[in-house]
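Work through the exercises below with the sequence and the 3D view open. Try each task before you read its solution.

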Amino acid sequence: MKTLIVYAHPEPKSLNGSLKDLAVSTLESAGHEVRVSDLYAMNWKAVVDAADYGPDASNPLKVALDSGRAFTNGTLTPDVLAEQEKLLWADTIIFQFPLWWYTMPAILKGWFDRVFTYRFAYGVGEHSATKYGERYGEGTLAGKKALLSVTLGGPESHYSARGINGPIEDLLFPIHHGILYYPGIESLPPFLLYGVDRMTAEDYADVAKAWEQRLLALESTEPIPFRRQNFGDYEIPSLQLKEGLEPEGRTGFGLHVRA
């Protein structure tokens, strides 16, 4: 298995840093190939601008069209091209990050903004009466799997169905479904560590054991069963879920997960 770890935390000695290092050693010891994109160490540029597209940047800038043209012409900036190559190389991608203000750190969001360009991660495939592009289960990155490894400061009860922060499944849905599944990546159930601000050194031994077990089970873990866009569950072109397919009582984001 070839695994890319995209790591987003500014402190190498943090819990996130330890989890990243443990993932590398565990997977390599099991015979897997591993590459790491340490975004802070790389001084990753988080903002999209005309410099990303070189001679293919227009004036005024049109981010989607310009990024697609630059991708097609091979004129994307070298750091973006390198990350796209890593994604194409990998079978599995692990995203290691803390949950900050209910989402990923800005540097990681900037990685997605710049790397998931038009004609690479989206804007691919035919549009017809029966197909609305290759998205949500199809696309450039179809067949790959991703795992979110996320640390959270609050206790698990705060992120439950009745918790004040909202269900963690809902908070991560925009990443799992909207960012990863859109270009075809299947998301595995996340690895979540709650209450990390109160975690002690003694607690880490149990955390490390649980993390190693998840890592060694990556190849056999079933992904979240999101519905595929072009395989009969949705009306086209409205992309509304067809009547009668929803499990009784289920609403919201849960509609897009098969029973």
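Buried means under 20% relative accessible area, exposed means over 50%, and partly exposed lies in between (1.4 Å probe, protein chains only). The model is predicted, so local features need pLDDT of at least 70, side-chain atom pairs count only at pLDDT 80 or more, and totals for chains, interfaces and linings use all residues. Residues are numbered from 1 along each chain as its sequence is written, and side-chain values use heavy atoms, with hydrogens and water left out.

**Exercise 1. Classify Phe116: is this residue buried or exposed?**

Step 1. Take its relative accessible area: 10%.
Step 2. Apply the cut-off of under 20%.
Phe116 is therefore buried.

**Exercise 2. Describe the ring pairs that Phe112 forms with Trp111 and with Phe116.**

Step 1. Recall the rule. Rings of Phe, Tyr and Trp (its six-membered ring) pair if their centres lie within 6.5 Å; planes under 30 degrees apart are stacked, over 60 edge-to-face, and the rest tilted.
Step 2. The structure holds 14 aromatic pairs. In one of them, Trp111 and Phe112 have ring centres 5.1 Å apart and planes at 80°, so this pair is edge-to-face.
Step 3. Phe112 and Phe116 also pair edge-to-face, with 5.1 Å between centres and 90° between planes.
Step 4. Check burial. Trp111 has 0% relative accessibility, so it counts as buried. Phe112, at 5%, counts as buried too.

**Exercise 3. Find the strands that pair with strand 1.**

Step 1. Locate the strand. Strands (E, at least two residues) and helices (H or I, at least four) are DSSP runs numbered from the N terminus. Strand 1 covers residues 2–7; five of its six residues are buried, so the rest of the structure largely encloses it.
Step 2. Two strands pair if DSSP finds at least two bridges between them. Strand 1 pairs with strand 2 (residues 33–38) in the parallel sense over six bridges. Here Ile5 stands opposite Val36.
Step 3. Strand 3 is also a parallel partner of strand 1, over five bridges. Val6 stands opposite Phe95 there.

**Exercise 4. How many residues of helix 5 are buried, and what covers them?**

Step 1. Helix 5 spans residues 168–181, and ten of its 14 residues are buried. Among them are Ile168, Phe173 and Tyr181.
Step 2. The cover includes strand 3 (92–98), helix 4 (106–115) and strand 4 (145–151). Strand 5 (186–187) and strand 6 (191–193) also belong to it.

Definitions and conventions:
Contact means heavy atoms within 4.5 Å.
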